[in-house]
Amino acid sequence: MSTLARARCRAKAHPLAMDAVLAAAVLACMVAGSFVEPRHRDSVSWVLRTPDPLSLVLMALGAAALVFRRRAPMTILALTGAVSVAESVTGDPRAPVAMSAVIALYTVASTTDRPTTWRVGLLTMTVLTGTAMAAGSLPWYAQENLAIFAWTGIGATAGDAVRSRRAFVQAIRERAERAERTREEEARRRVAEERLRIARDLHDVVAHHIALVNVQAGVAAHVMDKRPDQAKEALAHVREASRSALNELRATVGLLRQSGDPEAPTEPAPGLDRLDELTGTFRNAGLHIEVARADQGTTLPAAVDLAAYRIIQEALTNVQKHAGPQAKAEVSVVRVGPNIEITVLDDGSGEVEAPGSGGGHGLLGMRERVTALRGTLTTGPRYGGGFRVHAILPVKSRTSTGEDPA
């Protein structure tokens with residue numbers, strides 16, 4: 001740390017002591033100046049003189065007031081101004097008591113706003129200069145009178161400049177702190193969004209494949225003794241579902257690896273082009289599904305394509321888990337204007353637990369996906385039995401040209 005920086009730190013830590021040092025320095029300058037008298041004849045010369053006792057008292061009062069200049073700037077300016085006026089009226093020749101008023105005016109200008117500085121500065125300059133011109137023995141245009149006018153103007157201008165620079169530095173510091181807080185909040189928001197996205201993907205992958213494994217394992221156990229061929233087929237479906245689950249889990253967990261990891265998977269996210277494969281896994285598990293599509297020729301953004309696939313996957317998983325063994329499901333994908341509409345219906349007798357009721361997070365994950373794309377999701381029981389999932393996703397979503405949440 002430099003000497004100047006250390007001095008500033010000490011001044012901030014002990015302002016009263018620094019003001020006392022300043023007051024002592026100002027008093028020394030005023031006393032030294034009071035022993036010198038300028039003579040204006042054919043040439044400029046200086047002679048020594050002895051100051052009046054009253055001038056010494058006024059100088060001491062003005063310097064002592066400066067010790068408290070930070071606590072009450074206006075009061076100290078008024079006091080030092082009164083002392084300077086008294087010296088202008090009584091001193092002959094005058095002592096430089098106005099120096100204390102100049103320091104007080106600088107303090108006022110550095111701690112108030114500009115309009116106040118203008119008003120107070122003009123008032124101080126007018127009073128001190130006018131008194132010196134009117135009450136002194138020197139002519140009004142004397143150098144000493146004009147010096148009072150100049151020094152008071154310099155004090156006000158310097159104080160205003162210091163205040164402006166201090167405000168500018170403070171504004172820069174506040175903007176930097178605000179920008180830092182904004183960056184931290186943005187980083188936390190992105191981390192939270194990424195955690196939710198990974199949690200949704202893990203839930204969709206695990207819930208779908210584990211439900212299929214559970215159904216096929218139950219079938220295999222039921223027909224193992226009487227129909228071993230059917231049991232082998234069910235176990236083959238279990239193996240296929242578990243392998244698919246492992247592959248998707250590997251792809252999802254790979255996103256958590258560091259960038260540049262050569263082992264990180266690069267398999268694209270699933271979309272509606274794999275809808276037949278998806279429904280086939282459920283059909284193999286014994287679920288009767290009818291699929292109707294009217295979206296031919298529609299190219300979906302990656303985020304919308306993934307969301308549509310996951311919504312259908314989660315809805316069919318809920319049908320498999322909750323609708324009962326004889327349930328039938330209907331899946332429709334329709335392009336309606338600027339949107340793609342996904343509908344999954346079933347006629348089962350079971351009920352899907354609502355999000356936040358202590359059950360799973362499937363419906364909550366669906367809603368989060370749809371909300372991220374500024375779409376709408378409607379879920380609920382059907383009249384006469386069964387459950388309905390209806391999602392409307394904009395084809396040209398806000399993420400299609402910007403950042404892809406997938």
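Since the model is predicted, local features need pLDDT of at least 70 and side-chain atom pairs count only at pLDDT 80 or more, while totals for chains, interfaces and linings use all residues. Residues are numbered from 1 along each chain as its sequence is written, and side-chain values use heavy atoms, with hydrogens and water left out.

**The chain as a whole**

Let's start with the parts list: the protein chain has eleven helices and seven strands. Helices here are DSSP runs of H or I with at least four residues, strands are runs of E with at least two, and both are numbered from the N terminus. The chain has 406 residues, and 37% of them count as buried. Buried means under 20% relative accessible area, exposed means over 50%, and partly exposed is in between, using a 1.4 Å probe and protein chains only. Now for contacts, meaning heavy atoms within 4.5 Å. Among those between residues at least 6 apart in sequence, 67% join residues at least 24 apart.

**Helices side by side**

| Helix pair | Angle | Axis distance |
|---|---|---|
| α2 and α3 | about 160° | 8 Å |
| α3 and α4 | about 165° | 9 Å |
| α4 and α5 | about 160° | 8 Å |

Take α2 (residues 15-34) and α3 (residues 53-65) to begin with. At their angle, they are roughly antiparallel to each other. For that label the angle must be over 145 degrees; under 35 counts as roughly parallel, 65 to 115 as roughly perpendicular, and the rest as oblique. Their crossing is right-handed. As for handedness, a crossing is left-handed if the near helix is turned anticlockwise from the far one by less than a right angle, and right-handed if clockwise. On the α2 side the contact uses A23, L27, M30, V31 and S34, and on the α3 side M59, A60 and A63. Sorted by class, that gives seven nonpolar residues, one polar and no charged ones. In this sorting, Ala, Val, Leu, Ile, Met, Phe, Trp, Tyr, Cys and Pro are nonpolar, Asp, Glu, Lys and Arg are charged, and the others, Gly among them, are polar.

Moving along, α3 also packs against α4, at about 165°. That makes the two roughly antiparallel. The crossing of α3 and α4 is left-handed. L54, S55, L58, L61, G62 and A65 of α3 make the contact with I76, L79, T80, V83, A86, E87 and T90 of α4. The residues here divide into eight nonpolar, four polar and one charged.

Then α4 (residues 73-90) meets α5 (residues 98-111). This pair is roughly antiparallel too, and the crossing of α4 and α5 is left-handed. From α4 come P73, M74, I76, L77, T80, G81 and S84, which meet A98, S100, A101, A104, L105, T107, V108 and T111 in α5. The class count is nine nonpolar, six polar and no charged residues.

**A stop at R70**

R70 sits in the loop between α3 and α4. It is partly exposed, with a relative accessible area of 47%. Leaving aside residues up to four places away in sequence, R70 touches P15 and D19. The C-alpha atoms of R70 and L16 are 8.3 Å apart, although 54 residues separate the two along the chain.

**The sheet**

On to an open sheet of five strands, ordered β3-β4-β5-β7-β6, with mixed pairing. Strands pair if DSSP finds at least two bridges between them. At the edges stand β3 (288-294) and β6 (376-381), each with a single partner strand, so one side of each has no neighbour in the sheet. On average, neighbouring strands are turned by 10° against each other, direction ignored.

Strands β4 (residues 328-336) and β5 (residues 339-346) pair in the antiparallel sense over eight bridges.

T376 has I392 in β7 as its bridge partner. Their hairpin has five residues between the strands, and G384 there takes a positive phi near 95°.

Terms used: Axes are lines fitted to C-alpha atoms, for helices over the stretch in contact, and angles run from 0 to 180 degrees between N-to-C directions.
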